[in-house]
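User: Hi! Could you walk me through some helix packing and backbone details of this model?

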Amino acid sequence: MIKKIAVIGAGPIGLEAALYASQLGYEVSVFERGEIGANILEWGHVAFFSPWQMNHSPLAVQLLQQANKNWRPPADDAYLTGSEYVKTYLQPLSALPQLAKKIYLKTKVESIGREQILKNSLVGDPKRSSFPFRILTTDANGNEKLFWADAVLDASGVYATPNWLGDGGIPAVGEKKYRHLIDYKLRDISGRDRSRFAGKKVLLIGAGYSAATTICDLQKLIHAEPGTAVIWAIREDRALPIPVIENDPLPARAQLTAVANAAAMNGTKPIQFRNHTSVEAIAYHENSDKFEVALKQNGKVESIRVDRIIANVGYGPDNSIYRELQIHECYASRGPMKLAAKLLGASSADCLQQGSLGADTLKNPEPNFYIIGNKSYGRNSTFLIRVGLSQIVEVFSLISGSPKLNLYETQS
């Protein structure tokens, strides 16, 4: 019988899942390696593509309004920045009496196993559920502590584990050595990180919306600081860096795509766009604070010197914490196999066309262990918060044994 539930991650899906569990009477603990909404705060200056109405549950809003008569939700069509979303929603959510004393901040989950048995014990056997999960954590001071749970929901996301920028997705020569000097995340180029890039020559690698956001910010910086220059490299052999979605239902995304592609195609010297280009090697010269980078384009290798490297090459799940559990992972996306297979079948659809893929897709050979939220999509970048909310309903229908259970439908 499940009584104790551990949730990893205090982002939107982790907090919503913990609240859902608490409302159902489960004893819940939340473990967060940083602060509330830590992953989102790292790109807090950037606005969501999706409006507020897609990024919250009715249960959470109702409980927030009951707890604080002065709390008001944003307008349904409001596009919040990451920081606004955390301040307006996630922080008040974490302070609700149902959650306030159940969240362990700056507590990293190091590893999860089963008490008394090993990974290769009772293979595929539901009897594994009779042995509680054993969770090893480390706090901000390096102190280790053990926790136990009957069920675990991993909603830790992927933003903390960026992909490698080298050709083939493996580290470029020298990348591991200089990883701490490379910018893998969305930097606030127009704000707190401006001085880091102003007047510098920047190598940008990436062909997704993070790279699009970065090039738009760099283009603004070029106008303000004429000495700034960018080489934008993508691995793909296509004319436009960002694929265009015809009749895109998300206006902000459509605008970002248009501006980013225009920046790449304008032919001006400060921004050089290179397709079919990969990074072979990286060296850093401390005396000049410059990188020497070997770029290969169409089989020809060229050495360039740049001041900064921004690698917006995506993120992937950290599977090290459940290495001792029986998790069936997709060999391509590294997400849960059943869900990954369903997503593969829907790979041509825009993320807005994706909905619930069914509770069965969240099951693993490991009983009562569920990967939800952004991490459940592995290296697939089409996850939406509303999908995560559907996953919460599905997971608790499995945990409770009540297929029709849905706390969100009972809210006014």
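Predicted model: local features only at pLDDT ≥ 70, side-chain atom pairs only at ≥ 80, totals over all residues.

User: Which term describes how helix 6 and helix 7 are oriented to each other?

Analyst: Helices here are DSSP runs of H or I with at least four residues, and strands are runs of E with at least two, numbered from the N terminus. The axes of helix 6 (residues 209-224) and helix 7 (residues 251-265) cross at roughly 60 degrees and come within 9 Å. Angles under 35 degrees count as roughly parallel, over 145 as roughly antiparallel, 65 to 115 as roughly perpendicular and the rest as oblique. The two helices are therefore oblique.

User: Which residues of helix 7 meet helix 6?

Analyst: Contact means heavy atoms within 4.5 Å. From helix 6, the residues taking part are Tyr209, Ala212, Thr213, Ile215, Cys216 and Gln219. Their partners in helix 7 are Arg253, Leu256, Thr257, Val259, Ala260 and Ala263.

User: How far apart are the end C-alpha atoms of helix 6, and what span should its 16 residues have?

Analyst: The expected span is 1.5 Å times one less than the number of residues. For the 16 residues of helix 6 this should give 22 Å, which agrees with an end-to-end C-alpha distance of 23 Å.

User: Is Thr214 buried or exposed?

Analyst: Thr214 sits in helix 6, and touches Leu186, Ile189, Leu204, Ile310 and Asn312, leaving aside residues up to four places away in sequence. Buried means under 20% relative accessible area, exposed over 50%, and partly exposed in between (1.4 Å probe, protein chains only). At 2% relative accessibility, Thr214 counts as buried.

User: What covers the buried residues of helix 6?

Analyst: Among the buried residues of helix 6 are Ala211, Asp217 and Leu221. Their cover includes helix 5 (194-197), strand 8 (201-205), strand 9 (229-233), helix 7, strand 10 (271-274) and strand 14 (308-311).

User: What is the phi of Asn298?

Analyst: Most residues other than glycine have a negative phi. Asn298 is in the loop between strand 12 (290-297) and strand 13 (300-306), and counts as exposed at 54% relative accessibility. Although Asn298 is not a glycine, its phi is positive, at about 50 degrees.

How values were computed: Residues numbered from 1 in each chain as written. Heavy atoms only, no water. Axes fitted to C-alpha atoms, helices over the stretch in contact; angles between N-to-C directions.
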